[in-house]
Amino acid sequence: MVIETERVAVEQKTLTPLIRVNELEKYFPIKKGILKKTVGHVKAVDGISFDIYEGETLGIVGESGSGKSTLGRVMLKLASPTAGEIYYQSTNLTHLNRNDMRSYRQDLQMIFQDPFSSLNPKMNVYELLEESLLIQTRLPKEERRKKVASMIGKVGLRQSDLQKYPHEFSGGQRQRISIARALILEPKFVVCDESVSALDVSIQGQVLNLMKDLQDELRLTYMFISHDLSVVHHMSDRVAVMYLGQIMEIAKKEAIYDNPLHPYTKALLSSIPTGVEEGVREEVRLKGDIPSPANPPKGCPLSTRCPFAFDRCHKETPELLKKNDDQQVACHLYENE
Amino acid sequence: MNNNINPTMEYKQREQQAKSPRQLAVQRFMANKLAVTGMITLTLIILSAIFAPLLTNIDPTRADLTLIEQAPSSDHLLGTDSSGRDNFARLLYGGRISLVIGFSAMMFSLMIGVATGTIAGFYGGKIDSLIMRFADLMLALPFFVLALTIIAIVDEVTIALFVFVIAITTWPNLTRIVRGSFLTLREREFVLSAQALGATNGRIIFKHLLPNAIGPIIVNATLLMATMIILESGMSFIGMGIPQPTPTWGNMLSEAQNIRILRDHPEAWLPPGLAILLTVLSINFIGDGLRDAFDPRSSQRSK
């Protein structure tokens, strides 16, 4: 019965979010001197709220240093949040301790960025995949062996690869192993943290398609973190644009790419080399570099670099407001319309 | 030319290359001539110490005051010492004591060092500062002064006491190595990946961190063993080591403090001196070989 209702829910893409993040903050204290006095904070994630629905892929884009990776890690409680809440289905994960969190980790998994660092070099592929099952399940040895054998096939590697060690594989193959390691637990929600950035462009496509196929097959929900706009476009249903730990704009993929509102989104899109995307878009160029998250500008985080910035931008932080169906933007330019 | 390679051939080659990191390390070690020479030499020395009773039937502790400082003969291959004990028997049996002290002190030091280094490197924070400041304190104490003080206040110097003294003064070296490795490894994504799977601290330490830190630990423990054998010899040489008549290489060398023996009887002190030299050199070569085997990049860097 439970399975039945679940399936119906997926088909309808119901409005109960699988993951809900509310005013999430992660500050890293900056300590100085012999007494380790806290002199300031790096605001890696600074008050972020959004929902992720079952079966969809939410893309997170932003420059390096915008807090994308920290957001992913805090959501899976690999780092503890400074403030705010994280909900999985109806459970509040925010204050769960390590032991209580452990049982949820089967459902909440992560695929890491660097396939050369995310696999323990002393374990062979079989051990790497079996470890997930050893930690999370009580399956007997024979069952584990079957699951490992079937998973390695799903990610397109050979059974003979199971006895090999990570150093014998190429970057793309290693990332397939990472994917198998996370997905063998049949999770519900997977954070993909720059999962293809370390790979050659020719390999990226293969791995992305594999991830999409597995999403359909295993009915996964992804949060796909990347600085690469074309990769995010390929993968996502909705896209959130992050800057200095805050969301500037969040909308359906089509809206973000065809009708971007926020000047920062426009600037990011302008930076894609022409020829990749068709059509003439309003070109926006930002001045200077991303400010330090330890000392963000007053008012709108983008105010120091935005060509449209006016008085109010330097004084008040704009709120993320609903602009039209499924498009929210945090910019004073659109507030009074 | 590459186009001509038969794909199945290439596949077979890859299959043959399927080796674990440990197998690769063994392969690299065996290719190192110096290390293998050291290994063979050390094995011979160990074997001769183990099978000492088969190589001589003379009791190394039996003194015969009618036969002191004898020149080499068919009865006494290396002559006798100033108490009339057979030098050849003492050389063989002395190896036992020196090697046992070196090895057990190393194991003892290794246990303390790995335990403290693991705690300091994994948990960090206050416990880390506490352990490392204590380690610094231990390293700051001059070894000989501490060892002499301890030995001076106890009545009887036993091998166990000696091992203890050496170990408690050398463990901080290993603590630093283990802690350093842990700090580097902790930043690697595979540790985060294990956390994301819900692994316990015990699993992360024993399955992920220690196996990857084992290279530097073994290398440094090996090199430490060489130092310990020298320490034992040094202490025995100045008469503060294992007391006579127990044979150790250091005890045999202390004979050479007598100018007459030093001048007229090189057969009494040269062999134990050479034995120490060969043992320490072999262990060091093995240590260097292990280092290159575990971390091939380090040898490329030094070239």
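## Chain B meets chain A

Across the interface of chain B and chain A, 15 residue pairs are in polar contact, both partners at pLDDT 80 or more; such a contact is a pair of N or O atoms within 3.5 Å, within protein one able to donate a hydrogen and the other to accept it, and residues adjacent in sequence count only if both atoms are side-chain atoms. On chain B's side, α1 (7-17), α2 (21-30), α9 (189-196) and α10 each give two or more residues, and α9(B) gives the most, with seven. Helices here are DSSP runs (H or I, at least four residues), numbered from the N terminus.

This is a predicted model, where local features need pLDDT of at least 70, side-chain atom pairs count only at pLDDT 80 or more, and totals for chains, interfaces and linings use all residues. Residues are numbered from 1 along each chain, chains are lettered from A in the order written, and side-chain values use heavy atoms, without hydrogens and water.

## Area and salt bridges

The two chains bury about 2,700 Å² between them, 50% of it on carbon and sulfur atoms (accessible area lost on being put together, 1.4 Å probe, summed over both). In chain B, B:E189, B:A196 and B:L197 lose the most area to chain A, together 26% of what that side buries.

B:E189 also pairs with A:R73 in a salt bridge, with the closest N and O atoms 3.9 Å apart. The rule (Lys or Arg side-chain nitrogen within 4 Å of an Asp or Glu carboxyl oxygen) finds two salt bridges across this interface.
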